[in-house]
Amino acid sequence: MSSSKFKFLAALAATGVLALGVAACGSDDSSDSGSGSSGDVSGNIRIDGSSTVAPLTEAIAEGFQSENPDVKVTVGTSGTGGGFEKFCVGETDANDASDAIDEEQEAMCAKNNVEWEEIQVANDALSVVVNPENPVECITIDQLNSIWKGGSKISNWSEVEGLDPAYDGEMTLFGPGTDSGTFAYFTEAVNGEEGNQRTDYNNVGEDDNQTVTGVSGAPGGMGYFGFSFLQENEGKIKGLQIDSGKGCVAPSVETVQDGTYTPLARPLFIYPSAEALAKPEFDAFMTYYLENVNSVAEQVGYIGLTDQQLTDAQSKLESLIGTGSES
Amino acid sequence: MASGTPGTERNRLATAGARAATVTSLERQPRGDIWMGNIFFAILLFALTIALVGLAAIILQAAINGAPAFGWNLITNGPSTLNPEEAGFRPAIIGTIYLILGVIVLVVPLGIGAAVYLEEYADGTRWWNRTVELNVQNLAGVPSIIYGILGLAFIVRGPLDLGFILVAGSLTLALLVLPTVILASREAIRAVPPSIREGSLALGATEWQTIRRQVLPASIPGIVTGVILAISRAIGETAPLLLVGAATFVTFNPTFTGDNGYSALPVLIFNYATRPQDEFRVLASAGVILMLIVLLLMNSFAVWLRNRYEQQW
């Protein structure tokens, strides 16, 4: 350990004690920054929801706050569903979602008179990954279905019909927890029904890095998650091409944006409430969001919106801003 | 004792024989017993080694993985997704310190109060006191997520309706660790010798004076141990905090009652650990070490307090 690191640790200990003292005094160094700031809006913005979308929203919030220091933005990661449970009782301004709002959530919002709008902010390629030793390069949706559907008994790659090349290896499956939007989208797209999936897989909960570790450690391993995890782990795992009837298509920025990576290309959303849209600071935030989303998206591992998608989102936002709640 | 009579002589012989038999049996232990003793000792040593090696491995791994992120940034900067190299934990550190201060303020008087009642006043033969005792012990084993749901339903929403503020997090964590403090405090109070109490009462002190002047000072070291255990558990809890509103991305310093959100170290560490990019996993490891330091600082204060009182008594 270098001496500067050691000094750092020693000082860290001292600062911790100081922090206790400062903390007790209730320091709040941002509350007194008044009119001198560059932004002309102030207030609080509270966003919760999908942990998949959160890094994007956080990156946007970071840039936005540096321009508008009087707006305090917080982003939580309760998951798409957990976030809607707070959003639909009016406790948050907007909800990040990796899966579109479902009927149950709509009903909850309606019951509490929470009006909402849906704005797409990015794209993702749900990527099916295997171990690099696995010779299989391409898989059809039917084959995926035969492996992942509820009650499936397939335990070896040789039992999957029509694989080319054939592979004889014990299959180990990894997937996200049932609260995750990724789980909801995959089961809907592959198994035809949200939530329909065999239960004897390794449930990694919200931690997709476990899928990376699991699949890279088992020759017959297989799992699925968002595109960023494939991008960051090239070499350790291999993304399968998906054949939905029109030939094999690999997950990539291009195939998602040109619409050929189906059905596993998915939109990522943010759901603002009508009440939030009536606040100027929130409108400023959303405008900033769409202006910067594509430049930030790639930086944090997402697939940006196409020009058409961006124009659609922006015109939708423009029509919403200022109108506020419809009352 | 005289040894003239045949009876006592017989006794003497019997005693000597018995002693000789015992001594020889003790000296010439069967080989199996010696082996058993050695094996037992080895097992004890093995158990201790496993525990220590596990702890050392976790700390070492976190320290090595997190080393690239060590720097002043960690305590001076807020979280950053755009510049992970410069990201830090400042709002989360302050959030955690506030949360734990809140827990201490809540849990110490409540825990000691409950323990004093149960040990000194409660009639253990009454069914309601026995029910309370049993349930305090059961509560210590309830999973933390249950307390999170309780906090969400009764503290954040429901009767208290505090909203997603830091104090709601403190209250939830305080409920979670209260049984630990009660149980430890009861043990400490029970360990005070009855002679101390009786002596005090015999000198004319009232029950309150006895508890205030004799029993509590004597049991403070044990109570502080309970508080240390409680803090150590509370500081690492993530699940209940997520439910009662701790956010992962907070760039400003939180306040106790500000309704614009707060963060906490374990929540931010968990969030960073599940990111795809390596930079964030490095930050998560550094955060683990940081949390350990915050915990050790808080506990060393408690240990100092305990030692002070131990010397006085």
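**What the labels rest on**

Modeller: Start with V177(B), which is in contact with V103(B), V107(B), A230(B), R233(B) and A234(B), leaving aside its neighbours within four places in sequence. This is a predicted model, in which local features need pLDDT of at least 70 and side-chain atom pairs count only at pLDDT 80 or more, while totals for chains, interfaces and linings use all residues. Residues are numbered from 1 along each chain as its sequence is written, with chains lettered from A and ligands numbered from 1 in the order in which they are written.

Biologist: What makes two residues a contact?

Modeller: Their C-beta atoms, placed from the backbone, must lie within 7 Å. In chain B, 73% of the contacts between residues at least 6 apart in sequence join residues at least 24 apart.

Biologist: What is meant by a nonpolar core?

Modeller: A set of buried Ala, Val, Leu, Ile, Met, Phe, Trp, Tyr and Cys residues joined through C-beta atoms within 7 Å. Buried means that 20 or more other C-beta atoms lie within 10 Å of a residue's own; 12 or fewer is exposed, and in between is partly exposed. The largest core has 161 residues, and L56(A), V103(B), V177(B), I231(B) and L265(B) touch the most other members. Helix α7 (residues 166-190) of chain B gives the most to this core, 16 residues.

Biologist: What counts as a helix, and how many does chain B have?

Modeller: Helices are DSSP runs of H or I with at least four residues, strands are runs of E with at least two, and both are numbered from the N terminus. Chain B has 12 helices and zero strands.

Biologist: Why is chain B called more spread out than a compact globule?

Modeller: The globule rule is 2.2 Å times the number of residues to the power 0.38, and the radius of gyration is taken over C-alpha atoms. For 313 residues the rule gives 20 Å, whereas chain B has 28 Å, well over that, so the chain is more spread out. Its C-alpha trace spans about 100 × 55 × 35 Å along the principal axes. Buried residues make up 39% of chain B.

Biologist: What makes helix α6 of chain A mostly covered?

Modeller: Nine of the 11 residues in α6 (residues 181-191) are buried, among them F183(A), Y185(A) and F186(A). What covers the buried residues includes α3, β3 (94-97) and α5 (141-148) of chain A. Just after this helix, G192(A) takes a positive phi of about 80 degrees.

Biologist: Why are β8 and β10 of chain A said to stand at the edges of their sheet?

Modeller: Two strands pair if DSSP finds at least two bridges between them. Five strands of chain A form an open sheet in the order β8-β7-β9-β5-β10, with mixed pairing. β8 (202-203) and β10 (238-239) each have a single partner strand, so one side of each is left without a neighbour in the sheet. For β10(A), that pairing with β5 (residues 127-130) is antiparallel over two bridges, and V129(A) has G239(A) as its bridge partner.
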